[in-house]
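Here are some exercises to work through with the model open beside you. Try each task before reading its solution.

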Amino acid sequence: MGMNVSRQVDLAENEFLQRFVGKTHVPAYDDDFWNNFLQYHINLPTNSQEQLSLDSRLESLCQSFISHNLHTGNFGSLINVFLLKVSELLTLSDTESNVHIWHAFNALFIIRCLVKYMIETGSEYQLLQHFEALPAQASDGDAPAEEPTASTSTAISIDNRAVEETRAAVAKLVDGTKFETFLEALVNIIVVIPVKEFTYHLHLEAVNCMIILLSVSLFSQQAMEKSTIYRTIYRCQHANTLMSALLHFLSRMSQAPQTMFGFGTGGSFVFGIAESLWSILTFARKQPDILTAHDLPSAFREHYPLANQSLLLILILTNHHATKDNPYRISLFGCSDSQDSPKEEAATFKIDFSSLYNTLCRIVTIDQATLLLYLLLYRNQRFHKYMMAQQNLQQLVIPILQTLYNAPDSTSHHIYMSLIVLLILSEDDNFNKSVHQIMLKNVTWYTERSISEISLGGLLILVVIRTIQYNMLKMRDKYLHTNCLAALANMSGQFQSLHPYVAQRLVSLFETLAKKHARLDQQLKQPNGVTIEPDVSIPIGGSLTPEDMLQDLSVLEEVLRMVLEILNSCLSHQLVYCPNLVYTLLYKRNVFEAFRSHSAFQDIIQNIDMVVGFFSSRLQRVQDQRGELGVSEVLEVISKGASQWSSDRLRKFPDLKFKYVEEDAPEEFFIPYVWTLVCKAGCVHFSSETIKGVTSEIVC
């Protein structure tokens, strides 16, 4: 490359590119050509605009490549050169391997660009044809049998018989052999070569290339069970090793080096070879200084691209074929903590759960990190057990609550997964107890009301209630209500030391729902022929027909019943520890008036009335003696009365225990979700115009 590494050259006029995509076969052993061809520098495109710019510059070259490669077999030569470079890398020392890594990266980047173009514009079969294509003509000087091979396992030699068959055949059978060898080389890069400053971008490119290959599902409508690419990837014998490496890349969160392969910005590495005759467009970009919370997704993607892309690849591999034998899914769900006793039953691989947990705490507000946390919590029993034993759960829970609090800035899927994570956590009684023992001071991002001190449990209740109210106005999703209320219900038997504002919000939630119920009930009683305006704030509403409004009323009554059960559960189990809730119920006793005679609520309202009646009579007696009481005096009376209260007076209801269960056919939800994340949050960008597989919901 020499010193002039940044010189811009028109790609269309470059003689090496023209020869590679042209009509002439370039054998893999033409060292002079490949050494010149692979000597260039590039800053990888990191956003859609940069990718579009690069794609537009490469389009005419890609079209020429498609037109000629089935006759020249130059793509196969490039694959062989790449395989040879990778094979040599496994035997070289650090000081010897810089140039090889540089060349291997450049070869892989060109392969990735061509594969991406072929996937977006053609079919999988055509892509594999280009992998297997052999030169239609061979002279004595470039006989394929003489091409060097990396090894019998990492390179494909082309014998004369294959050439003769190619010459004679109109179309040849594509068996995916060379693709399988190429995939094996990608896996070797990821799992064998250690991640160092000068290998970082080679690892990143290998991960990106796997994502590109798997993106065939975006651009094809055929079932992935019939895909050669998917079959090859999912029968990989090294699934455990690959999954382990990807999870380690995420867990370690190595920052991208400032330079690639040890090159300085001035091109200080001089290899004693001719100056490159071509250079791919260099993109100028602004790098954020730190991993900041206000723009965490962008900072994570730009500063830690290997961790980001590895996380996305983990999600792709584990969520496809979710209901079949998926070795990557089995591997992720079967891994264990490397700090566990050696006597621990067999695990698919070991990783430091402490490091992984700390990384997830740092990035859990990122959509794809929440999804991985969900998978580990729900499916990996060892990780679930480890998390439940952590003393600093607030480091994970608070960012999740921030995601919910800032719901308008998040996707509905991200809100949904954040709530499911809270629901899974709330299934553990120790969690429900400990969150009320963790005190927080000056939670500045909660701006509804200034609260100097509140328990983590109280903050959780406030945010979940706010999410319910947001859902009523914006999302109107019945299942979101269900998950919110299920989490509160699981916690309700352990509510303790509720902040006055938390108690007010709990009762106000019922009051808000009660007003909506009354309004909807009144609308249903309107005489026929009266135009009814929909109440847009009703959770499921917006319909004008009486039948639909009856259904909405039924849903609303289910929600009201659930809120009453949550209040009753707290009073039955924790009344002595929740004087502020009793105070609020006394103050707001009238909100229950309309439901005392309602058959759907009568039984449970009786319990609340009994508690209110007991403390009301005690307050009346004290008030008769002392006169008007202040707030602190009322709370004092309640606290004394609670010590004499017996919950045996209340009607018994089953304990509220809800358990999250993933619905059937999870792929219908998770695959479109994962690919949307890859398109929006990844370092690789796709052409949205040609996406036709998976779902129309994918947006790049």
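**Exercise 1.** Is E120 buried or exposed, going by its relative accessibility?

*Solution.* Begin with the ground rules: this is a predicted model, where local features need pLDDT of at least 70 and side-chain atom pairs count only at pLDDT 80 or more, while totals for chains, interfaces and linings use all residues. Residues are numbered from 1 along each chain as its sequence is written, and side-chain values use heavy atoms, with hydrogens and water left out. Next, recall the classes: buried means under 20% relative accessible area, exposed over 50%, and partly exposed in between (1.4 Å probe, protein chains only). E120 has 12% relative accessibility, so E120 counts as buried.

**Exercise 2.** Find the salt-bridge partner of E120, and describe where the two residues lie.

*Solution.* A salt bridge is a side-chain nitrogen of Lys or Arg within 4 Å of a carboxyl oxygen of Asp or Glu. The side chain of E120 meets that of K116, at 3.1 Å from N to O. Both residues belong to helix 5 (residues 94-121) and are 4 residues apart, about one turn of the helix. Helices (H or I, at least four residues) and strands (E, at least two) are DSSP runs, numbered from the N terminus. K116 is buried too, at 5% relative accessibility.

**Exercise 3.** Where is the kink in helix 3 centred, and what follows the helix?

*Solution.* The bend at a residue is the angle between axes fitted to the seven residues ending there and the seven starting there. In helix 3 (residues 48-72), a kink of about 45° is centred on E59. Among the buried residues of this helix are L54, L58, L61 and F65. After the helix comes G73, with a positive phi near 70°.

**Exercise 4.** Classify the ring pairs F33 with W34 and Y374 with F670.

*Solution.* Rings of Phe, Tyr and Trp (its six-membered ring) pair if their centres lie within 6.5 Å; planes under 30 degrees apart count as stacked, over 60 as edge-to-face and the rest as tilted. The count comes to 37 aromatic pairs. F33 and W34 are edge-to-face, with centres 4.9 Å apart and 85° between the planes. F33 is buried at 1%, and W34 is buried at 3%. Y374 and F670 are stacked, at 5.7 Å and 15°. Y374 lies in helix 16 (residues 367-379) and F670 in helix 28 (residues 667-681), so their pair ties together parts 296 residues apart in sequence. Both Y374 and F670 are buried. Finally, look for the cluster linked by ring pairs, which includes F33, W34, F65 and F75.
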